[in-house]
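Here is a protein to read by question and answer.

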Amino acid sequence: FEVLEDGRQRRIRTDADGSMLFELRAVARAPGGGGVRGEGTSSADLTSSLLPNGAIQCDAPQIKAMAAQITGDERDAWLCAQRIEAWVEKNVTDKNFDVGFASALEVIEDRAGDCSEHAVLLAALCRASDIPCRVVMGLLYIGGIWGGHAWNEVWIDGAWYALDGTLGLGRADALHLAFSKMTLADGNAAGEFGALLTGLGRLAVEVLELSIARTFAPARTPLPPLLDHP
């Protein structure tokens, strides 16, 4: 496995036995400070994160119409991406493992699937909204165990930020460990995810320390003020 290093995760050290110590962080932007969708996205490096492909049909009429309905006239790219994330979490209602790497068009019609279906639909809706988006594959720590997972990153005003349509939190927390980031232009999602799951048995991953700080609320609904406790 190659563990990626980026703005969310960095390797602190590698020990003599080959084990690695990583620090993972949740990184998000404040709503209203997230650039303008469609602007600053014309570079060649971002092209494949905006284009349709066999898994992410962002040019399909159904996808484009739903993206327009979700985002409306809002131009703030980060706020639009958060709205899309919240919509995907709420509207993929049949959450199951029976679907095998369905495309975004299939998901928006069937509203069924697991994390990979949430990820391709979120990517398609973001791309249809002129927000570059890619799929991330790795591990999620939940319920005391690490499991294979897929989520997304969106390009906002010069940097990539993580979102998770399966959870709908308005950002991806620090319990996401990324191994691969893909535009899915080559259609290799099933192969990469399968390799990840096959290799899980060779990995021992342990959380040594967890700090929980205040974060920006998801864009879908305002939250009541947080109370300070002694």
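Helices here are DSSP runs of H or I with at least four residues, strands are runs of E with at least two, and both are numbered from the N terminus. The model is predicted.

Q: How many helices and strands does the secondary structure of the protein come to, and in what pattern do they follow along the sequence?
A: The count gives five helices and eight strands. Read along the sequence, the order is β-β-α-α-β-α-β-α-β-β-β-β-α.

Q: What percentage of the residues in the protein is buried?
A: Buried means under 20% relative accessible area. The protein has 230 residues, and the buried share of them is 45%.

Q: Among contacts between residues at least 6 apart in sequence, what percentage joins residues at least 24 apart?
A: Contact means heavy atoms within 4.5 Å. Of the contacts in the protein between residues at least 6 apart, those joining residues at least 24 apart make up 64%.

Q: Why do the buried residues of α1 line one face of the helix?
A: Helix α1 spans residues 61–71, and its buried residues are Ile63, Met66, Ala67, Ile70 and Thr71. Seen down the helix axis, these buried residues of α1 line one face because they fall within an arc of 120 degrees.

Q: Which exposed residues does the face of α1 turned away from its buried side carry?
A: The buried side of α1 has a cover that includes α2 (77–91), α3 (104–110) and α4 (115–128). On the face turned away from that side, the exposed residues are Pro61 and Gln69.

Q: Which residue just after α1 takes a positive phi?
A: The phi is about 60 degrees. The residue with this value, just after α1, is Gly72.

Q: How are α1 and α2 oriented: roughly parallel or roughly perpendicular?
A: Their axes lie 9 Å apart, and the packing angle is about 115 degrees. Angles of 65 to 115 degrees count as roughly perpendicular. That makes the orientation of α1 to α2 roughly perpendicular.

Q: Is the crossing of α1 past α2 left-handed or right-handed, and which residues make the contact?
A: The crossing of α1 past α2 is right-handed. From α1 the contact takes Met66, Ile70 and Thr71; from α2 it takes Cys80, Arg83, Ile84 and Trp87. By class, this α1–α2 contact has five nonpolar, one polar and one charged residues.

Q: Is Asn152 buried or exposed?
A: Asn152 is found in strand β6 (residues 145–156). Its relative accessible area is 0%, so Asn152 is buried.

Q: What is the C-alpha to C-alpha distance between Asn152 and Cys133?
A: Leaving aside neighbours within four places in sequence, Asn152 contacts a set of residues including Ala119, Leu122, Cys133, Val135 and Tyr161. Asn152 and Cys133 are 19 residues apart in sequence. In space, C-alpha to C-alpha, they are 6.8 Å apart.

Q: Is Arg111 buried or partly exposed?
A: Arg111 lies in the loop between α3 and β4 (112–113). Its phi is near 55 degrees, a positive value in a residue other than glycine. At 24% relative accessibility, Arg111 counts as partly exposed.

Q: Is Asp157 buried or exposed?
A: Asp157 lies in the loop between β6 and β7 (159–163). Its phi is near 50 degrees, again positive in a residue other than glycine. With a relative accessible area of 56%, Asp157 is exposed.

Definitions and conventions: Residues are numbered from 1 along each chain as its sequence is written. This is a predicted model: local features need pLDDT of at least 70, side-chain atom pairs count only at pLDDT 80 or more; totals for chains, interfaces and linings use all residues. Side-chain values use heavy atoms; hydrogens and water are left out. Buried means under 20% relative accessible area, exposed over 50%, partly exposed in between (1.4 Å probe, protein chains only). The arc is that of the directions from the helix axis to the C-beta atoms. Axes are lines fitted to C-alpha atoms, for helices over the stretch in contact, and angles run from 0 to 180 degrees between N-to-C directions. Angles under 35 degrees count as roughly parallel, over 145 as roughly antiparallel, 65 to 115 as roughly perpendicular and the rest as oblique. A crossing is left-handed if the near helix is turned anticlockwise from the far one by less than a right angle, and right-handed if clockwise. Ala, Val, Leu, Ile, Met, Phe, Trp, Tyr, Cys and Pro count as nonpolar, Asp, Glu, Lys and Arg as charged, and the others, Gly among them, as polar.
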